[in-house]
Amino acid sequence: MAKKFNVPVCPHAGGIGLCEMVQHLQVWDYISLSGTTKNRLIEHVGHLEEHLKNPAKISNAHYMPPKFPGYGVEMWRDSLRDYEYPSGPAWKKLYAEGKYKDPTRAKCSLIERPQERIMHR
């Protein structure tokens, strides 16, 4: 439909790891399909990249080809541990500060606790 009406398409890449994945589309398009960057758009949001081992690189408003194999979405072990929902230390700090409610303490919790599985057997 976009092609029919000559409307450019911009892949969404606004979340953690999405920029790293969508950069491959741009590189593939340039090398294998179009040979141009004219009228090519790809979103970039550079937040949370400190959690990725090989975040996307931008130079002069262009994604740079990755220097390592893979999609570039591998996260640091500490980030995975600290931000594991809902029990990671970063979440516990947010609960203690009152920024979020701890879902494990809710009256109708959606979090299954190991002791509940045992009790209901």
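A residue is called buried when its relative accessible area is under 20%, exposed when it is over 50%, and partly exposed in between, using a 1.4 Å probe and protein chains only. The structure is a predicted model, in which local features need pLDDT of at least 70 and side-chain atom pairs count only at pLDDT 80 or more, while totals for chains, interfaces and linings use all residues. Residues are numbered from 1 along each chain as its sequence is written, and side-chain values use heavy atoms, with hydrogens and water left out.

## Overall layout

The protein chain has four helices and two strands. Helices (H or I, at least four residues) and strands (E, at least two) are DSSP runs, numbered from the N terminus. Their order along the sequence is α-β-β-α-α-α. Of the 121 residues in the protein chain, 20% are buried. A contact means heavy atoms within 4.5 Å. Among contacts between residues at least 6 apart in sequence, 47% join residues at least 24 apart.

Helix α1 covers residues 18-34, which is 17 residues. The expected span of a helix is 1.5 Å times one less than its number of residues. From first C-alpha to last, α1 reaches 22 Å, close to the expected 24 Å. The helix has a kink of about 30°, centred on Trp28; the bend at a residue is the angle between axes fitted to the seven residues ending there and the seven starting there. After α1 comes Gly35, with a positive phi near 70°.

Which residues of α1 are buried? They are Cys19, Glu20, Val22, Gln23, Gln26, Val27 and Asp29. The buried residues of α1 pack against β2 (62-63).

In soluble globular proteins, nonpolar side chains tend to be buried together. A nonpolar core is a set of buried Ala, Val, Leu, Ile, Met, Phe, Trp, Tyr and Cys residues joined through side-chain atoms within 4.5 Å. The largest one here has five residues: Ala13, Cys19, Val22, Ala56 and Tyr63. Leaving out residues up to four places away in sequence, Cys19 touches Ala13, Glu43, His44, Val45, Ala56 and Tyr63.

## The loops around the strands

The loop between α1 and β1 (58-59) includes Leu48 and Glu49. Leu48 has a positive phi near 70°, although it is a residue other than glycine, and is partly exposed at 34% relative accessibility. Glu49 is partly exposed too, with a relative accessible area of 28%. Apart from neighbours within four places in sequence, Glu49 is in contact with His44, Pro55 and Ala56. The C-alpha atoms of Glu49 and Glu20 are 9.4 Å from each other, and the two residues are 29 apart along the chain.

Asn60 lies in the loop between β1 and β2. Its phi is positive, about 55°, although Asn60 is not a glycine. Asn60 counts as exposed, at 68% relative accessibility.

## Salt bridges

Side chains of opposite charge can pair when their charged atoms come close. A salt bridge is a side-chain nitrogen of Lys or Arg within 4 Å of a carboxyl oxygen of Asp or Glu. How many salt bridges are there by this rule? The count is seven, and the table gives some of them.

| Salt bridge | N to O distance |
|---|---|
| Glu74 and Lys53 | 3.0 Å |
| Arg81 and Asp78 | 3.1 Å |
| Asp102 and Arg105 | 3.5 Å |

Glu74 is partly exposed at 49%, and Lys53 is partly exposed at 33%.

Arg81 and Asp78 both lie in helix α2, three residues apart, which is about one turn of the helix. A network of salt bridges links Asp78, Arg81 and Asp82. Arg105 is exposed, with a relative accessible area of 71%.

## Aromatic rings and a cis bond

A pair of aromatic rings is described by the distance of the centres and the angle of the planes. Rings of Phe, Tyr and Trp (its six-membered ring) pair if their centres lie within 6.5 Å; planes under 30 degrees apart count as stacked, over 60 as edge-to-face and the rest as tilted. By this rule there are three aromatic pairs. One of them, Trp91 with Tyr100, is edge-to-face, at 5.6 Å centre to centre and 65° between the planes. Tyr100 is partly exposed, with a relative accessible area of 46%. Ring pairs join Tyr85, Trp91, Tyr95 and Tyr100 into a cluster.

Tyr85 also takes part in a cis peptide bond, the one from Tyr85 to Pro86, with omega near 5°. Pro86 is in the loop between α2 and α3 (89-96).
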